[in-house]
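Student: Could you show me how to read the features of a protein model, one step at a time?

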Amino acid sequence: NSKLRTFGFDIVTEDEKTVYPLATETQKEMEEWLLTLGKAIGLIEEEDTIGKLKELSVYGKDYPTPDGTGIRDYIHIIDLAKGHVSSLNLVDKNCGLQIFNLGAGRGYSVLEVIGGMRKASGREVAYKVVGRREGDVPVSYSDASKAEREMGWKALKDIEEMCSDAWRWQVKNPQGYINKK
Ligand SMILES: O=c1ccn([C@@H]2O[C@H](COP(=O)(O)OP(=O)(O)O[C@H]3O[C@H](CO)[C@@H](O)[C@H](O)[C@H]3O)[C@@H](O)[C@H]2O)c(=O)[nH]1
């Protein structure tokens with residue numbers, strides 16, 4: 001899709017056997033991807049992220065949502081991993097091509113996530129409301145009922161646990177994924 005691939009390129013493995021297409025809709029998104037990718041493969045040094053940012057930018061508080069900020073379907077990484085295991089069990093039963101949404105099935109606003117992180121860290125989370133980010137939709141959450149019906153999978157962990165586990169991981173790994181001595 002040429003529209004989707006406005007900003008895109010292919011990542012080819014060393015043996016040139018596998019090609020991963022990487023595409024985004026905006027240049028900003030592409031820059032974020034490249035930064036993440038660069039850090040993951042060790043090309044770019046991961047910075048100590050705790051305490052570096054003066055404040056978080058909240059992208060818009062004038063959306064048609066209860067507190068005016070964007071709503072997204074956040075999911076705990078453990079729930080997501082279990083969802084993948086459930087899907088592999090289904091593959092073992094020769095289920096053919098199946099598509100499942102793996103999500104909490106509900107949304108949390110940006111301010112709810114900030115509140116969750118404040119509670120988890122015991123610190124104030126400084127933020128400033130700025131303009132809307134181009135391309136953002138007000139609300140996005142999944143209908144994961146098919147996964148529950150057909151794989152018996154359901155996201156169990158709430159925002160409190162997502163934030164406390166994310167915070168603990170961040171404190172233990174201030175350099176991100178790269179394990180420096
Ligand atoms: O510094 C920030 C970062 C994000 N947000 C808001 O937080 C929410 C979540 O943002 P983000 O984590 O960027 O997720 P999405 O907007 O849901 O987009 C991600 O998830 C989509 C669905 O998987 C993908 O299409 C996108 O590429 C990917 O960036 C949105 O309301 C943003 O406006 C802020 O207010 N400040």
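Predicted model: local features only at pLDDT ≥ 70, side-chain atom pairs only at ≥ 80, totals over all residues.

Student: How are two packed helices described?

Tutor: Two packed helices are described by the angle between their axes and the distance between the axes. Here helix 3, residues 110–121, packs against helix 5, residues 159–172, at an angle of about 55 degrees, and their axes lie 8 Å apart. Because of that angle, helix 3 is oblique to helix 5, and helix 3 passes helix 5 in a right-handed crossing.

Student: Which residues of helix 3 and helix 5 meet?

Tutor: From helix 3 come Val113, Gly116, Met117, Lys119, Ala120 and Ser121, and they meet Ile159, Glu160, Cys163, Ser164 and Trp167 of helix 5.

Student: In which sense do strand 4 and strand 7 pair?

Tutor: Strand 4, which covers residues 71–72, pairs with strand 7 in the parallel sense, over two bridges. If you look for Arg72 in the structure, you will find that its bridge partner in strand 7 is Ser140.

Student: Now the loops: which phi value does Glu16 have, and where is Glu16 found?

Tutor: Phi of Glu16 is near 60 degrees, which is a positive value in a residue other than glycine. Glu16 is found in the loop between strand 1 (7–12) and strand 2 (19–24). With a relative accessible area of 64%, Glu16 is exposed, because exposed means over 50%.

Student: What about Asn94: is Asn94 buried or exposed?

Tutor: Asn94 counts as exposed, at 68% relative accessibility. Asn94 lies in the loop between helix 2 (77–92) and strand 5, and although Asn94 is not a glycine, its phi is positive, at about 50 degrees.

Student: Where does Ile44 lie, and how does its accessibility count?

Tutor: Ile44 lies in the loop between helix 1 (27–40) and strand 3 (56–59), and at 31% relative accessibility Ile44 counts as partly exposed.

Note on methods
Residues numbered from 1 in each chain as written. Heavy atoms only, no water. Axes fitted to C-alpha atoms, helices over the stretch in contact; angles between N-to-C directions. Helix = DSSP H or I, 4+ residues; strand = E, 2+ residues; numbered from the N terminus. Parallel < 35°, antiparallel > 145°, perpendicular 65-115°, else oblique. Left-handed = near helix turned anticlockwise from the far one by under 90°. Contact = heavy atoms within 4.5 Å. Pairing = 2+ DSSP bridges. Buried < 20%, exposed > 50% of the residue type's maximum accessible area, 1.4 Å probe, protein only.
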